[in-house]
Amino acid sequence: RTMSVEIRTTFSNNNRTFSVGDTLVGKVTLSTPSLLKHDGIELFLEGFITVQRNNAFNFSDMPVRTTGGKSADLICKHSTLAKAGKLSAGTYEFEFKTKIEKDEVDLQETYHGLCISVYYQIRVEVRRNLLQQNIVKLEEVFLEVPSVKDGRKLETLKIDLKNQTTGRSIEEPSHKFAVKGDVAAGGVCDVRKPIYGKLMIEHSQVQVESVDVILRRIEQWSQHGSMHESDIVNLQVCEGNIQFNQYIPFKVVFPQHAVAPTLSLSSNISVKYSLVVLITFENRTTTSETYPISVVRKPTQ
């Protein structure tokens with residue numbers, strides 16, 4: 001019976017995180033309580049980009065693979081663990097290794113977004129005859145892809161918010177205020193390292209209720225400019241009774257897999273990021289400023 005067969009996939013690298021050029025080594029353990037007839041046991045290394053909004057995306061210049069939604073293959077490698085035959089009741093182990101290497105398109109880093117995802121997996125499939133359902137086991141693996149060096153370095157962003165700079169806020173404050181600060185997020189940010197910064201309320205005619213620093217991602221797809229913004233980190237730097245002329249330090253950590261290096265694949269798909277400084281005043285007015293940032297993965301030394 002299909003439900004009684006158990007398949008477990010283990011890897012020599014316990015965290016299942018790899019780089020392009022690595023050889024993925026592991027073992028498939030299959031346990032069956034009774035005789036199992038099969039038409040072959042296959043292993044696939046698969047990687048693909050998916051877009052959740054089905055009608056918005058066109059993969060006109062990439063190899064397409066459709067399985068009910070919109071997706072594009074990045075890699076698909078196959079190996080045979082066992083030829084067609086029978087397995088008596090018991091536990092069996094099948095070792096495997098497969099190299100992670102570029103095929104027709106560049107491999108992208110693992111990324112779990114709301115609308116766009118880059119996903120890699122090992123799929124083990126026990127093939128059955130036409131009257132029986134194949135037995136499938138999926139296990140996600142993660143890929144880290146160093147960015148191409150372009151000479152850019154980390155720089156300091158200068159924060160300077162005053163009432164004259166408003167106009168993009170939810171409710172524009174009319175009182176006078178000034179907020180200054182420095183954020184180490186200019187040029188390029190390494191996804192492995194936090195963003196450090198500091199903010200100071202110089203003065204405000206209305207009490208500042210809170211200061212937030214938001215890490216925002218912008219997912220864009222299709223030639224028609226479909227776009228979705230989502231906040232992935234919302235850090236409240238301070239709240240209530242805030243002293244003037246005193247720097248408040250903060251640190252923003254990039255969540256693993258929710259942030260990957262800035263992605264731009266052909267003319268159809270991109271993932272970009274920005275930092276937003278949001279000031280909320282006691283009278284419920286707000287002001288904000290958005291600072292685009294570029295995220296990379298620097299090669300390990």
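A salt bridge is taken here as a side-chain nitrogen of Lys or Arg within 4 Å of a carboxyl oxygen of Asp or Glu. The model examined is predicted. By this rule, 14 salt bridges are counted.

Arginine 297 and glutamate 144 meet the criterion, because their closest N and O atoms are 3.7 Å apart and the cut-off is 4 Å. This pair links distant parts of the chain. Glutamate 144 belongs to strand S11 (residues 135-144), whereas arginine 297 falls in the segment after strand S22 (295-296). The two residues are 153 residues apart. Arginine 297 is buried, at 10%, because buried means under 20%. Glutamate 144 is partly exposed, with a relative accessibility of 26%.

Aspartate 182 forms a salt bridge with lysine 158, and the closest N and O atoms are 3.0 Å apart. Lysine 158 has a relative accessible area of 60%. This residue is therefore exposed, as the limit for that class is over 50%.

A further salt bridge connects the side chains of arginine 123 and glutamate 125, with an N to O distance of 2.3 Å. Both arginine 123 and glutamate 125 are buried. These residues also take part in a network of salt bridges, which links Arg123 and Glu125 with Glu46 and Arg127.

Methods. Residues numbered from 1 in each chain as written. Predicted model: local features only at pLDDT ≥ 70, side-chain atom pairs only at ≥ 80, totals over all residues. Heavy atoms only, no water. Buried < 20%, exposed > 50% of the residue type's maximum accessible area, 1.4 Å probe, protein only. Helix = DSSP H or I, 4+ residues; strand = E, 2+ residues; numbered from the N terminus.
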